[in-house]
Amino acid sequence: MKLRRLLVTGAAGHVGRIARARLGHLAETLRLSDIAEMSPAGAGEEVIRCDLADREATFRLLEGCDGVIHLGGQPVEAAFDDILQANLLGLYNLYEAARKAGTKRILFASSNHVIGFHERTTRLDASAPLRPDSLYGVSKCFGEAVARLYWDKFGVESALVRIGSVLDAPKDHRMLATWLSPADFARLAEAVFRAPRLGCAIVYGASANDESWWDNSAAAFLGWRPQDNSEQFRAMLDAAGPPPPPEDPYNRWQGGGFATAGHFED
Ligand SMILES: NC(=O)c1ccc[n+]([C@@H]2O[C@H](COP(=O)([O-])OP(=O)(O)OC[C@H]3O[C@@H](n4cnc5c(N)ncnc54)[C@H](O)[C@@H]3O)[C@@H](O)[C@H]2O)c1
């Protein structure tokens, strides 16, 4: 079923530009929003600048939207005050605005960093305990909790997509497991908005990589079939340099450098 108006937050960003290029067909109108400047609206598009930390502006932004791809926010570790604005306040404002506007369904860009302190030898499914590896990861846990509350209490459906690494190609050996191709991201968004029922589903956002730490069987009902595989890039990565030695703590945790980094505030 085609949406009436699909809002993409973070539309000026890396994944937002992928969504803009590949997902316009999901809705009659694509409403693109970011705190930063975006290129002008094309056919079937609306462009609205908005700081998600501004509650009233976010309420206006959601009016008339029946779906959201929520990408706007701080995408890596940062000072807590920066995370607070976009990923806590902004996230809350977005869900509250969705409730008020009667928005039915949200794809929330969560992150693998909500489970980054699980060891790579552990295969995780949707029931895995949260083990964030950073303040950034904690903020995504908050987002997942708000999404679940808004499903259980208000019936706003969400896909909690624990995105690995959306890139044209993996940049290091860790990303052989976490890589999500832009095409598979787009296929996932299509599945999320076409599913007859979504509820509040946890989805690990990775392509069909040979090396895999995640089990998406609880989200099989979505019918998402990732089609790309990072293995095609292994030889290129090997040629660029060896992976960190096995005893390197970087190799221990799923979150890689986020888990081994010092505390941002120090
Ligand atoms: N790129 C990945 O591989 C990856 C992996 C895991 C999770 N994610 C999540 O996906 C989302 C998009 O990531 P990205 O790589 O495109 O990051 P990005 O930084 O390129 O894009 C994020 C966008 O959010 C906007 N933004 C920041 N604060 C805002 C605010 N207060 N109000 C409105 N807009 C604001 C920024 O201007 C930016 O354009 C993020 O939420 C990120 O945490 C991405």
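Colleague: Let's start with R131: is this residue buried or exposed?
Modeller: Keep in mind that this is a predicted model. R131 sits in the loop between strand 5 (105-111) and helix 4 (135-154). The cut-off for burial is 20 or more other C-beta atoms within 10 Å. R131 has 20 C-beta neighbours inside 10 Å, so R131 counts as buried.

Colleague: S217 next: buried or exposed?
Modeller: S217 lies in the loop between strand 9 and helix 7. Y204 is 13 residues away from S217 in sequence, and their C-alpha atoms are 9.9 Å apart. S217 has 8 C-beta neighbours inside 10 Å, and the cut-off is 12 or fewer. So S217 counts as exposed.

Colleague: And D238, how far is its C-alpha atom from that of A12?
Modeller: D238 belongs to helix 7. With 11 C-beta neighbours inside 10 Å, D238 counts as exposed. D238 and A12 are 226 residues apart along the chain, and their C-alpha atoms are separated by 33 Å.

Colleague: Over to the ligand: which residues are closest?
Modeller: The shell around the ligand has 24 residues. Helix 1 (14-22), helix 3 (80-101), strand 5 and strand 7 (165-166) each supply at least two of the shell residues. The closest residues to the ligand are G10, G13, G72, P75 and A109.

Colleague: How many residues of that shell are charged?
Modeller: Sort the shell around the ligand by class and you get 12 nonpolar and 10 polar residues. The charged ones number 2.

Colleague: Now the helices: are helix 2 and helix 3 parallel or oblique to each other?
Modeller: The axes of helix 2 (residues 55-62) and helix 3 come within 8 Å and cross at roughly 45°. Angles under 35 degrees would count as roughly parallel, and 65 to 115 as roughly perpendicular. Helix 2 and helix 3 are therefore oblique to each other.

Colleague: Which residues make that contact, and what hand does the crossing have?
Modeller: Helix 2 brings R55, T58, F59, L61 and L62, while helix 3 brings N93, L94, A97, A98, K100 and A101. By class, the contact of helix 2 with helix 3 has 7 nonpolar, 2 polar and 2 charged residues. The crossing of helix 2 past helix 3 is right-handed.

Colleague: How do helix 1 and helix 6 lie: roughly parallel or roughly perpendicular?
Modeller: Helix 1 and helix 6 (residues 182-194) pack at about 65°, and their axes are 10 Å apart. The range for roughly perpendicular is 65 to 115 degrees. Helix 1 and helix 6 are therefore roughly perpendicular to each other.

Colleague: What classes of residue make up the contact of helix 1 with helix 6?
Modeller: Helix 1 passes helix 6 in a right-handed crossing. The contact is made by V15, I18, A19 and R22 of helix 1 and P182, F185, A186 and A189 of helix 6. The contact of helix 1 with helix 6 divides into 7 nonpolar, no polar and 1 charged.

Colleague: Last pair: how does helix 3 run relative to helix 4?
Modeller: Helix 3 and helix 4 have axes 10 Å apart and pack at an angle of about 15°. The cut-off here is under 35 degrees, so helix 3 is roughly parallel to helix 4.

Colleague: How many nonpolar residues are in the contact of helix 3 with helix 4?
Modeller: The crossing of these two, helix 3 and helix 4, is right-handed. On the helix 3 side are F80, I83, N87, L88, L91, Y92, Y95 and R99, and they meet L135, Y136, S139, F142, G143, V146, A147, Y150 and F154 in helix 4. The contact of helix 3 with helix 4 includes 3 polar residues and 1 charged, and the nonpolar ones number 13.

How values were computed
Residues numbered from 1 in each chain as written. Predicted model: local features only at pLDDT ≥ 70, side-chain atom pairs only at ≥ 80, totals over all residues. Helix = DSSP H or I, 4+ residues; strand = E, 2+ residues; numbered from the N terminus. Near = placed C-beta within 6 Å. Nonpolar A, V, L, I, M, F, W, Y, C, P; charged D, E, K, R; others polar. Axes fitted to C-alpha atoms, helices over the stretch in contact; angles between N-to-C directions. Parallel < 35°, antiparallel > 145°, perpendicular 65-115°, else oblique. Left-handed = near helix turned anticlockwise from the far one by under 90°. Contact = placed C-beta atoms within 7 Å.
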